[in-house]
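Visitor: I have a model open and want to learn how to read its features. Where do we start?

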Amino acid sequence: MNAPEPAEEIKNSAVSGSDRVALPIEGMTCTACASRIERKLSKQAGVLDATVNYATEEAVVHVTPGGPSLRDLVGTIRNTGYDVGLKTLRLDGQLLRDDTDWASRTVDGLQTMPGVVWARPDGDDVVVSYVGTLVSEKSLAAVGSSDGQFQQSSVVLDAASDSGSGRSERYDTLLKRFVVAAVLTVPIVVISMSHGAITFPGERLVMLALALPVVFWSGGIFLAGAWTALRHRATDMNTLVAMGVLAAFSYSCVVTLWPELIATTGERPAVYFEAAAVIVTLILLGRLLEERAKGRTTEAIQGLLRLQPTTALRVVDGNAEEVDIELIQTGDQLLVRPGERIPLDGVVTEGYAAVDESALTGEPVPSEKELGAEVFAGTVSTNGALTVGVTKVGGDTVLQQIIRVVREAQAGKAPIQRLADKVAAIFVPVVIVIAAVSAAVWYFVGPEPVATNAMLRFVTVLIISCPCALGLATPTAIMVATGRAASMGILIRDGAAIETIAGVRTLLLDKTGTITEGRPQVREIISTSSRPAQDILALAAAVESKSEHPLARAIVQKAIDDDLSVPQSSSFEMTAGLGVQGSVNGMVVTVGRKAYFNQLSIAVESGGSVPDSGGGSDTIVLVALDGELAGAILLSDPVKSTSAEAVNRLKEIGIVPVMVTGDRLATATAVGRDMGIERINAGLLPTEKSDVVRAERGLGVIVGMVGDGINDAPALAEADVGIAMGEGAAIAVEASDIAIMRSDLRVVVDAIRLSRAGLRNIKQNLFFAFVYNIILIPVAAGVLYPIWGVLLSPVFASAAMALSSVSVVTNSLRLRRFS
């Protein structure tokens with residue numbers, strides 16, 4: 001039952017300052033339901049767009065700032081004939097009755113919380129209705145406690161679901177209805193199929209009595225769904241099932257009670273109670289199997305959710321106390337014992353351990369963590385105790401961001417789904433027309449008994465039609481593919497990315513951090529002036545200390561390793577992809593590429609001893625003091641041990657690798673030669689990388705871009721599909737369509753192969769769904785009867801319809817075995 005929504009004294013929550021809200025939908029039975037909700041939400045004022053996914057049973061709504069509240073959105077969905085999975089919470093005000101402002105203050109606090117639909121005082125208590133996927137019971141209870149801390153025993157009086165507790169309860173309900181239907185259907189079938197061997201007075205009345213609860217109790221969910229759709233002037237799968245079952249049952253009742261109304265040849269017409277009962281039983285069985293299979297498609301998300309500990313050991317004054325995870329704040333110190341999961345993102349402040357990060361990155365080898373190392377929620381300390389200073393909490397942790405990205409990808413739609421959506425929107429009305437026309441043809445020009453044959457063709461066409469298979473074809477494959485990708489350390493942001501990356505034929509690869517380790521080391525320091533080489537290094541490190549570029553970090557690290565005194569710099573300026581400049585001890589220090597020096601009119605040949613080509617694959621960084629060349633720093637960046645294998649695998653699957661780098665041509669050529677990359681674009685600025693992307697796209701191929709740095713962001717955004725290495729800069733990850741959680745180019749190949757497998761799976765599902773309906777609906781109507789005398793029975797139709805959706809979901813589940 002839905003919790004009552006009072007018309008007065010209610011506090012109406014907005015969409016919590018967010019432009020996106022995800023709502024769990026209840027009551028959908030096919031893709032037509034999802035389409036109807038989507039249309040209603042999209043028409044609501046302030047809604048930019050809405051997507052409803054039948055497979056995930058979720059609506060994702062983007063609203064304008066100050067747009068409709070959560071209560072408005074929930075109301076729209078309920079007015080369409082469906083429900084939202086809301087929960088209610090009652091907060092106890094008994095202990096705070098002396099605080100006369102407690103209820104009002106608590107309601108005001110609650111209505112600012114994300115996910116709260118409404119809150120109102122109720123006597124001494126406060127009742128709140130909320131979306132459980134957007135806000136937790138503990139967060140709401142903390143608002144109602146006197147000290148802002150969660151105290152369940154004294155705050156929460158009652159927590160209940162407004163409209164069921166999800167998939168497991170739905171499965172149990174379907175199972176009960178199926179068992180009752182199966183038990184009552186068996187004797188009906190035995191009597192009907194005996195062909196007169198089993199006969200007794202009143203046998204038809206017995207079959208009617210047995211079929212009655214099957215049709216109206218076990219099949220009541222279909223009748224109720226059809227009635228709801230009818231009240232909202234719509235049709236869906238329930239409409240087809242209800243019409244077919246009621247037609248067979250009503251016809252049989254008339255034949256049983258008033259046979260003279262049907263009989264035309266003097267013979268007693270046959271009854272079809274077994275058809276009505278078997279239809280309900282088999283479709284319930286199909287729904288059961290579909291429910292179980294759909295549950296398995298969300299196992300990846302459930303697995304990620306299980307990685308998050310619910311409590312943590314907080315260290316206060318040297319003592320560890322177990323507290324709820326939602327009470328932890330940034331800066332808190334947490335104790336993680338051997339074998340325990342790390343509760344939140346943070347930095348190691350004490351201890352050493354090998355941490356298993358495979359659940360997030362897919363990397364099976366544990367990563368060693370010591371003082372100052374970053375650690376992430378959901379990973380496991382395998383062999384040591386750590387004290388962790390919390391840096392991120394709640395939805396800001398890497399784990400929660402991964403969960404959010406996967407959920408958004410699973411809720412989205414791929415472009416290939418558009419055709420299925422268009423067909424599904426008109427599917428049920430078209431099927432009803434076909435069924436009616438078939439019945440009319442059989443009644444007016446068909447063989448005797450015309451009434452019976454017309455009824456059977458009408459029922460068979462209705463029952464064999466399956467809009468659900470069309471609706472499940474794409475989203476189930478996307479759900480399984482994105483879930484499997486997440487377990488491999490691949491984050492796919494939406495279904496469109498799966499479709500796009502599957503078609504990539506040219507893949508642009510950044511060099512530094514993508515092909516190479518991205519951790520260059522200083523190999524040699526050359527002075528072209530009277531200053532010692534170590535002074536050149538210290539001055540360069542002074543300005544590079546304010547840059548995040550890998551080369552800058554290497555120069556600073558070399559100065560630290562050599563125990564140099566690095567002075568402070570001021571007036572820092574950076575030109576992306578070229579170099580940096582700053583003031584150090586009154587001197588203008590310039591560090592960067594030759595092109596940067598040419599741009600600043602600094603002569604680079606005057607020194608004479610600066611090599612034009614270092615060690616072949618070396619990178620040369622020039623250093624100038626007050627506009628005159630003072631030296632050069634040579635750095636080497638080793639190629640990753642896995643890059644050559646990855647490039648070979650790219651070629652094997654028909655993809656052309658192209659290197660794009662800001663490094664000099666000699667260095668890029670040396671690396672490309674070792675990797676087997678023939679096409680190389682070197683010396684590029686960030687904007688010039690985007691130009692290369694546009695040029696490749698102009699050749700009529702789908703272009704992907706792989707990078708990990710800030711200077712890769714424009715090219716990642718320009719490409720048909722951008723792939724960011726997850727260890728790189730956050731801006732690169734944000735600009736990408738796919739994020740790789742570990743710096744291994746082979747995982748990019750896996751992402752492409754998985755996407756191709758996913759797209760192939762979607763096409764298989766759609767082919768099956770379309771061919772199933774295109775072939776079997778005409779056969780059910782009787783088009784083969786004049787040629788071969790072939791007719792389908794309603795029982796066969798119900799079995800085929802029940803298995804069609806299950807077949808699509810089962811095919812999608814094969815992606816879980818991708819390796």
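Visitor: What is the order of the 6 strands in the open sheet?

Guide: Note that this is a predicted model. In general, strands of a sheet pair through backbone hydrogen bonds, parallel or antiparallel. Here the order is 21-26-25-24-23-22, and the pairing is antiparallel.

Visitor: Which strands stand at the edges?

Guide: Strand 21 (521-527) and strand 22 (570-575). Each has a single partner strand, so one side of each lacks a neighbour in the sheet. On average, neighbouring strands of this sheet are turned by 20 degrees against each other, direction ignored.

Visitor: Over how many bridges do strand 24 and strand 25 pair?

Guide: Strand 24 (residues 587-592) and strand 25 (residues 619-625) pair over 4 bridges, in the antiparallel sense. Take Val 589: its bridge partner in strand 25 is Leu 625.

Visitor: Which helix lies across these strands?

Guide: Helix 19 (residues 533-544). It lies across strands 21, 22, 23, 24, 25 and 26, and runs at about 105 degrees to strand 23 (579-584).

Visitor: Is Ala 559 buried or exposed?

Guide: Buried means under 20% relative accessible area. Ala 559 has 0%, so it counts as buried. Ala 559 sits in helix 20 (residues 550-561). Leaving out residues up to four places away in sequence, Ala 559 touches Leu 537, Ala 541, Leu 564 and Val 566. Ala 542 is 17 residues from Ala 559 in sequence and 9.4 Å away in space, C-alpha to C-alpha.

Visitor: Which residues form the nonpolar patch on the surface?

Guide: Val 433, Val 437, Val 441, Tyr 443, Phe 444 and Val 445. Together they have about 640 Å² of accessible area. Val 433 belongs to helix 14 (residues 417-445).

Key: Residues numbered from 1 in each chain as written. Predicted model: local features only at pLDDT ≥ 70, side-chain atom pairs only at ≥ 80, totals over all residues. Heavy atoms only, no water. Patch = residues over 30% accessible without salt bridge, like charges linked within 9 Å, V, L, I, M, F, W, Y side chains within 5 Å. Areas by Shrake-Rupley, 256 points an atom, 1.4 Å probe, with all protein chains shown as cover. Salt bridge = Lys/Arg side-chain N within 4 Å of Asp/Glu carboxyl O. Helix = DSSP H or I, 4+ residues; strand = E, 2+ residues; numbered from the N terminus. Pairing = 2+ DSSP bridges. Axes fitted to C-alpha atoms, helices over the stretch in contact; angles between N-to-C directions. Contact = heavy atoms within 4.5 Å. Buried < 20%, exposed > 50% of the residue type's maximum accessible area, 1.4 Å probe, protein only.
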